[in-house]
Amino acid sequence: MYISIFWTLIDFIIVLTRPEPAYYSLASAIVLRSVLIFLMSLAIGYLLIFKLRRLFRNRSLAVSFVFRSGILFIGAFIVNYIIHAANIVFILNLSVGQALARYGEDAFQPLWLTQKIIYWMVLFVLTQLIIEVNEKYAPGVFMDILLGKYIEPKIERRIVMFLDLKDSTPIAEKLGHQHYFKFIREFIYQISNALIEHGGSIYQYVGDEVVVSWLFEKKNTRKCMDALIEARKNLQKRGEHFRRHYGLIPEFRVGIHVGDVTVGEIGVIKKDIAMSGDTMNTTARIRSACSELNQKFIVSVDFKENVDLKEWQTESLGIVELKGKNNGIELFSLKI
């Protein structure tokens, strides 16, 4: 959606500021062009974000850039023809054949072709750079840093989830260093897609552990649960792949808690958004309690009281003493 809006606005500005044939300047032609650009950009944006990114995720950034740009160039020519044809057919009331002939004439003019290639190259490279930077910092984090949202630390109430690989030590011993790293990379990829899809803000990766959070809202407690279920589904869908390449299907443990977190910008060479506070420590301890209590998914009473769960979906584990905490906390296991 952001890509579609961005590309449509850029095209709209260019159409208004550069000389065009008279029929392109008509209000109806401009509206038709903008609508078509927006719809086509949605399709290309979907291709860029969800398909090409996955297709080239195990390739170098340079290779990915070149191949994605090539595919986008082909898409751009198709979009330009559709726009050109639509204007000629609906604005000038000529035939599709005449539209194709006129587009062929324009497309092979050196000046027109050079201008288009430069325009598309700048637009595609800029778009891909923005996507890469956004992914580098995690979705939304780069914009927060750019706008200075957390230069002054803020206290926010957040849902925090700590998730890590179950039985990581024996798996590492079985697979060896390099094979285990590939296993972890694939595991993290499948988990992260589910978390991001349901609005999770990934805070950090630590080995096989993922730390993710949501701003505390009723709807986000549901998103947190949906992300957890989606993560399991993703691993199950890739079960045969994991079994064939690694001889096992990964499972994970989860600790979830709700509370106040101090959020602020930190770092010099590599700036990032850091989160600290008792909520972070408590959530980490809850995740650790999964091993001690032989459970896969454990949530605090604070989270359980704010999420719409049926009675059979949770089981009280009683008041549990967590390491480093003076007072015990009631925990619940999730049955999902």
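The model is predicted. Helices α8 and α10 approach to within 11 Å of each other, axis to axis, and the count of disulfides is 0. Positive phi values occur at G199, D167 and N294.

**Helices α8 and α10**

- Helix α8 spans residues 177-197 and helix α10 spans residues 239-246; their axes come within 11 Å and cross at roughly 175°.
- Because angles over 145 degrees count as roughly antiparallel, α8 and α10 are roughly antiparallel to each other.
- On the α8 side, the contact is formed by H179, K182, F183, E186, F187 and Q190. On the α10 side, H241, F242, H245 and Y246 take part.
- Sorted by class, the contact of α8 with α10 comprises 4 nonpolar, 4 polar and 2 charged residues.
- The 21 residues of α8 reach 30 Å from the first C-alpha to the last, which is close to the 30 Å expected at 1.5 Å a residue.
- Just after α8, G199 adopts a positive phi of about 80°.

**Helix α11**

- Helix α11 covers residues 278-292, a run of 15 residues. Its reach from first C-alpha to last is 21 Å, close to the 21 Å expected at 1.5 Å a residue.
- The buried residues of α11 are T279, M280, T282, T283, A284, I286, R287, A289 and C290.
- Just after α11, N294 takes a positive phi of about 55°.

**Cysteines**

- The disulfide count is 0. C224 takes part in no disulfide, and the nearest cysteine sulfur, that of C290, lies 13 Å away.
- C290 is likewise in no disulfide, its nearest cysteine sulfur being that of C224 at 13 Å. A disulfide would require the sulfur atoms to be within 2.5 Å.
- C224 has 0% relative accessibility and therefore counts as buried.
- C290 counts as buried because its relative accessibility is 2%.

**Positive phi at residues other than glycine**

- Most residues other than glycine have a negative phi.
- D167 has a positive phi near 60° and is not a glycine. The residue is placed in the loop between β1 (154-165) and α7 (168-175).
- With a relative accessible area of 45%, D167 is partly exposed.
- N294 is not a glycine either, yet has a positive phi of about 55°. N294 is found in the loop between α11 and β6 (297-300).
- N294 counts as exposed because its relative accessibility is 68%, where the cut-off for exposed is over 50%.

- R53 lies in helix α2, residues 27-55. Its relative accessible area is 26%, so R53 is partly exposed.
- Leaving aside neighbours within four places in sequence, R53 is in contact with L48, R68, E135 and N193.
- The C-alpha atoms of R53 and V122 are 19 Å apart in space, and the two residues are 69 residues apart in sequence.
- T127 lies in helix α5, residues 110-137. At a relative accessible area of 4%, T127 is buried.
- Not counting residues up to four places away in sequence, T127 touches I3, F6, W7 and L48.

- I266 is placed in strand β4, residues 252-266.
- Leaving aside neighbours within four places in sequence, the contacts of I266 are K271, D272 and A274.
- I266 and I151 are 115 residues apart in sequence, with a C-alpha to C-alpha distance of 8.2 Å.
- I336 is found in the segment after β8 (329-334). I336 has a relative accessible area of 30% and is therefore partly exposed.
- Beyond its neighbours within four places in sequence, I336 is in contact with M225, L228, I229, R232, F297 and Q313.
- I336 and I298 are 38 residues apart along the chain, and 11 Å separates their C-alpha atoms.

Conventions. Residues numbered from 1 in each chain as written. Predicted model: local features only at pLDDT ≥ 70, side-chain atom pairs only at ≥ 80, totals over all residues. Heavy atoms only, no water. Axes fitted to C-alpha atoms, helices over the stretch in contact; angles between N-to-C directions. Helix = DSSP H or I, 4+ residues; strand = E, 2+ residues; numbered from the N terminus. Parallel < 35°, antiparallel > 145°, perpendicular 65-115°, else oblique. Contact = heavy atoms within 4.5 Å. Nonpolar A, V, L, I, M, F, W, Y, C, P; charged D, E, K, R; others polar. Buried < 20%, exposed > 50% of the residue type's maximum accessible area, 1.4 Å probe, protein only. Expected span 1.5 Å × (residues − 1).
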